[in-house]
Amino acid sequence: MEPTNQPAAEQRSALVLHINGTPQRLTLDHRTTLLDVLREHLGLIGAKKGCDHGQCGACTVLVDGRRANSCLLLAVAQEERQITTVEGLAEGERLHPLQEAFLERDALQCGYCTPGQICSAVGMLREVADGFPSHVTPATADPTVPVELSTDEIRERMSGNLCRCGAYPRIVEAVEDVAAAGADGHPAGAAGRPGQGVA
Amino acid sequence: MKPFGYLRVSSVEEAVRAAGEHPGARFLAGGTNLVDLMKLGVEEPRTLIDVTRLPLDRIEELPDGGVRIGAMVRNSDLAASVPVRERYPVLSQSLLAGASGQLRNTATTGGNLLQRTRCLYFQDTSKPCNKRLPGTGCPAREGVHRDLAVLGHSQHCVATQPSDMAVALAALDATVHLHGPDGERSVPATDFHRLPDDHPEQDTVIRPGELLTAIQLPPVATGTRSRYRKARDRASYAFALVSVGAVLDVRDGVVRRAALAFGGLAHRPWRARAAEEVLQGAPATEDTFARAAEAELAAARPLRDNGFKVPLARNLAVGVLTDLAEIEDPADPGPSRPA
């Protein structure tokens, strides 16, 4: 008799995921989310499972440099994508400027949302550099002029990351520090062409 | 979640063929709604056909001045597109008013238009729901329906269509391009979503096995302005209670052309034709705008707990039309606030 608790072969796939620059060969049930691969298969427990429905942002990682909720991504669909988790942000012992800023500003209490906040902020600063507008960018703003990253802009752009401890004021300060220093790898205020790569 | 097969396709034809060969298949794009619904047990596809590698990820400027948006263009890329921001601000603003940065980076144009209602009963498989399981009833009519429809609902369903982008597309007279087993066809965005009537399980007019391939925007007349405004329970990252997408052309104080659509009020983006009739050729004054909104909303049939949406919709419409009519200099933000 066929075992009924094992998915059939066509319900699993062998695949390679690129996580923090390292190819990982895995055989996965198609139901497995990227978040579960990171935490349960690869021991990368920085990304957290908060709501598991894309509502809290604790699972945020970077996919090809863009922030995304790893709980809503099926791992099998992420082949060829470059995945960066919070574990992949530091260079050796040198923390990423946003990690430094979160420590410096004490931008956390329990810390559960912090890896997601930091990955989200890394992606967000890249979006600003790429000229992405936000909901609070004035409707009349010139689309070809770089966005000025005000406190309102930071709050709006980070609204996909919830912090139940309410550390928001210091999270905003930490992001402001890095944005002001232009330390995200892009010089402050130097924007790429908005909407680059899509038109 | 139930086990499922997974396959990846590289052309539209291959995708449509695969859908025909795999009963119970679903197309997977960004997955931000579909994967969530699979976790909830609302969706139980037997096969996922991954369409994210299809060559439908471009925003093309057309010779006639219009724009064609591939179905795989990410919401964040569409919102940031310079031609879209310059010619169709209502579309960029509607996208930015929805979801979070993470979700907009993942969700696609096609998926956004096809997302399902967030009615609590639809998402809870322990409850009856005519949309999820036809014939089981609609507990929302007597239950929790503060977020639900006031226009066009039926005894079978009071759900609302949740997409902000769809509201902008309705106001812009966009066209939806589909590719199915019988070839290609196009549907006006205003006819793409349905009212629930006797078949609330059908959100749209899309047919089994059809793939949404592109959205096309017609050229806009010089001098036309557009804007999106949304009221919600918190300042960011929440679905609309009510939203308004408006396109307005005013010359010498008279409305030359107006297109208005509401979100959060019905099972589809609610194009306000009665309001537009009042607006057409009328003086561009707050009084006209109020009469127009009221003409449209006279048809509202609120449920026990969502009557607040009617005056909210009226005030949003008057506010956004007034702002659009008063802005003379694009460099002058005028009396408007961020939408």
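**A helix and its cover**

Mentor: Start with α1(A). The cover over its buried residues includes β1 (12-19), β2 (22-29) and β5 (82-84) of chain A. Keep in mind that this is a predicted model.

Now look at the helix itself. Helix α1 of chain A spans residues 34-41. Its buried residues are L34(A), L35(A), V37(A) and L38(A). A residue counts as buried here if 20 or more other C-beta atoms lie within 10 Å of its own. Look down the axis of α1(A): the buried residues fall within an arc of 170°, so they line one face of the helix. After the helix, find G43(A). The phi of G43(A) is positive, near 70°.

Along the sequence the pattern reads β-β-α-β-β-β-α-α-α-α. The chain has 199 residues, and 46% of them are buried. Next, take the contacts in chain A with a separation of 6 or more. Of these, 60% are between residues 24 or more positions apart.

Chain A also touches chain B. In this contact, 44 residues of chain A meet 44 residues of chain B. On the chain A side, the elements that give two or more residues are β4 (66-69), α3 (114-129) and α4 (151-157). Sort that side by class and you get 17 nonpolar, 18 polar and nine charged residues.

Cross over to chain B and find its sheet. Five strands form an open sheet there, in the order β4-β5-β8-β6-β7, with antiparallel pairing. At the edges stand β4 (59-61) and β7 (183-188) of chain B. Each has a single partner strand, so one side of each is left without a neighbour in the sheet. On average, neighbouring strands of this sheet are turned by 20° against each other, direction ignored.

Zoom in on one pair. Strand β5 (residues 67-70) of chain B pairs with strand β8 (residues 211-217) of chain B. The sense is antiparallel, over four bridges. For one of the residues, trace the partner: V67(B) is bridged to L217(B) in β8(B). In general, strands of a sheet pair through backbone hydrogen bonds.

A helix lies across this sheet too. Helix α1 (residues 12-21) of chain B lies across β6 (175-180) and β8 of chain B. The helix runs at about 135° to β8(B).

Technical notes:
Residues are numbered from 1 along each chain as its sequence is written. Chains are lettered from A and ligands numbered from 1 in the order in which they are written. This is a predicted model: local features need pLDDT of at least 70, side-chain atom pairs count only at pLDDT 80 or more; totals for chains, interfaces and linings use all residues. A residue is buried if 20 or more other C-beta atoms lie within 10 Å of its own, exposed if 12 or fewer, and partly exposed in between; C-beta atoms are placed from the backbone. Two residues are in contact if their C-beta atoms, placed from the backbone, lie within 7 Å. Ala, Val, Leu, Ile, Met, Phe, Trp, Tyr, Cys and Pro count as nonpolar, Asp, Glu, Lys and Arg as charged, and the others, Gly among them, as polar. The arc is that of the directions from the helix axis to the C-beta atoms. Two strands pair if DSSP finds at least two bridges between them. Axes are lines fitted to C-alpha atoms, for helices over the stretch in contact, and angles run from 0 to 180 degrees between N-to-C directions.
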